[in-house]
Amino acid sequence: MADPHHLLTQPSNPQIQIQIQNQAQTPLLNTTDQTQENPEESSDCDPHLDKNLQKLELFLALLGFDQSSALRFGASWIAFLLIGVALPLAALELFNCSDCEKYQIKIFEVEIVASQSCLAAVSLLCLSHNLRKYGIRTFLFVDRCSGQMNRFGDQYTQKISDSFRMLVLWVLLCFILKTAREVTRMLYVPHESWWLPVAVLLALIISWTYTTTIYLSACILFYLVCNLQIIHFDDYGKSLERESNVLVFIEEHIHLRHHLSKISHRFRIYLLLVFLVVTAGLVVTLFLTTGYTGLITLINGGDFAVSSLVQVAGITLCLNAAAKISHRAQGIASLASKWHATVTCSSADASQIRVSSSMGNLGVASTLGSVFINNPESDLEALEHITMPRNTHLGSYLSSYCKRQAFVLYLQMNPGGITIFGLTVDRGLINTIFFIEFELVLFVLGSTVVFIQ
């Protein structure tokens, strides 16, 4: 006898029962529905994540990325023009020494200041626009739903903390190198007074640290956005082991590709401009150093090494993050193919198809035999009215097989990834960029070193 309490709690409509079972088996789509019903629950779901996001937002606001109002917009760009442009140029103009023309310090320093200022301006312009338009949560894709926030909140927090530590490490390393170089120049270049080189030293270090932090912060922010999406792709790959509904996989993959398309759209101008500015800065640096007939020392050329390290580190972080998420998105097709092959070749399905095929053939043969025996030749038209036996197990197996095969083909034709105006950032594009840069280096060397000889 059935339990009366169970009968009261069990829905009587079979369609409702099917919907409940599907929701229980599809946690990804179930959390997506919760977003539409309760979009405000995600803001207070994880206090640790909220605390890290507030720290990140405050740090970005101090650098001038928060331009949500006209006052903050004006203050941000005025501070950038004063600290990032006017301060180093004024310091270089005041830096007068007897051997400055000999070392060509001013000519080299102006190029370095221009390159660093352009990178910081591009970072400030592109990132502030996106943050003002979307906000920090939507920009990082951490407000999708309360269900996913409960599942991934700790991983979000860990990724944000790791990215912030990486930023501090890079800025601190470059700051030490920059300070050592400026102190060396102050000690070895003769001056008329002691206070002027100290003031110039502080001005150049403050300006350089400000612009470098802005540039590296933008690169780290893109790196963080890509790493947060890797969490979802890893979970999507693991869901192949615990889920069996193909429609759930397709719909969730559409959501993931949509997020990658948004990231590509928001960062494509930034990535392209950063790549062009870095390339132009390195080419000009190579022209100046190889075309200089004097001796390149730590005093006049040491800053080139530090600035080049910062530029290459930033662009490497961006390319590494973009290539990593692109390869992770493309690897989903391999995981799905493995899952499809495992399910197809499993013992239960194989035995089922063999038994179903043999039983189906026997049923068809017996039915046709009885028809030919009991009916004369003129009555063979009666075959059109005979109901042929159907094998439900075979049909179900073939249906699930076709769905899995269609899912694998869909993933192979829609790999996804970070794109820049249609070009997917993967190993192929990185190899192309490397050879382009190598050709530029050979061109500069051929135009300077050979000409000087």
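I take a residue as buried when its relative accessible area is under 20%, and as exposed when that area is over 50%. I apply these terms to a predicted model.

**Entry 1. Helix α4**

I listed the buried residues of α4 and found Leu 49, Asp 50, Asn 52, Leu 53, Leu 56, Leu 60 and Leu 63. I then checked how they are placed around the axis: they cover an arc of only 165°, which puts them on the same side of α4. I recalled that an α-helix has 3.6 residues a turn, so residues three or four places apart point the same way.

I next looked at the face of α4 turned away from the buried side. That face carries the exposed residues Pro 47, His 48, Lys 51, Gln 54, Lys 55, Leu 58 and Leu 62. I noted that two leucines, Leu 58 and Leu 62, are among these exposed residues.

I also compared the length of α4 with expectation. At 1.5 Å a residue, its 17 residues should span 24 Å, and the end C-alpha atoms are 25 Å apart, which agrees. Just after α4, I found Gly 64 with a positive phi of about 100°.

**Entry 2. Aromatic pairs**

I looked up the aromatic pairs and found 12 in the structure. For Phe 59 and Phe 164, I read a distance of 5.4 Å between the ring centres and an angle of 85° between the planes, so I recorded the pair as edge-to-face. Phe 59 lies in helix α4 (residues 47-63) and Phe 164 in helix α9 (residues 146-188), so this pair ties together parts that are 105 residues apart in sequence. I checked the accessibility of Phe 164 as well; at 36% it counts as partly exposed.

I then turned to Phe 434 and Phe 435. Their ring centres are 5.4 Å apart and their planes stand at 75°, so this pair is also edge-to-face. Phe 434 is exposed, with a relative accessible area of 52%, and Phe 435 likewise counts as exposed at 52%.

I noted one aromatic cluster formed by Phe 139, Phe 222, Phe 267 and Tyr 270. Separately, I found Arg 266 over the face of Tyr 134, at 3.8 Å from the ring centre.

**Entry 3. Thr 209**

I located Thr 209 in helix α10 (residues 195-239). Its side chain reaches the backbone oxygen of Ile 205 at 2.7 Å.

Methods:
Residues numbered from 1 in each chain as written. Predicted model: local features only at pLDDT ≥ 70, side-chain atom pairs only at ≥ 80, totals over all residues. Heavy atoms only, no water. Helix = DSSP H or I, 4+ residues; strand = E, 2+ residues; numbered from the N terminus. Polar contact = N/O pair within 3.5 Å; in protein donor to acceptor, adjacent residues only side chain to side chain. Phe/Tyr/Trp six-rings, centres within 6.5 Å; stacked < 30°, edge-to-face > 60°. Buried < 20%, exposed > 50% of the residue type's maximum accessible area, 1.4 Å probe, protein only. Lys NZ or Arg CZ within 6 Å of the ring centre and 35° of its normal. Expected span 1.5 Å × (residues − 1). Arc of directions from axis to C-beta.
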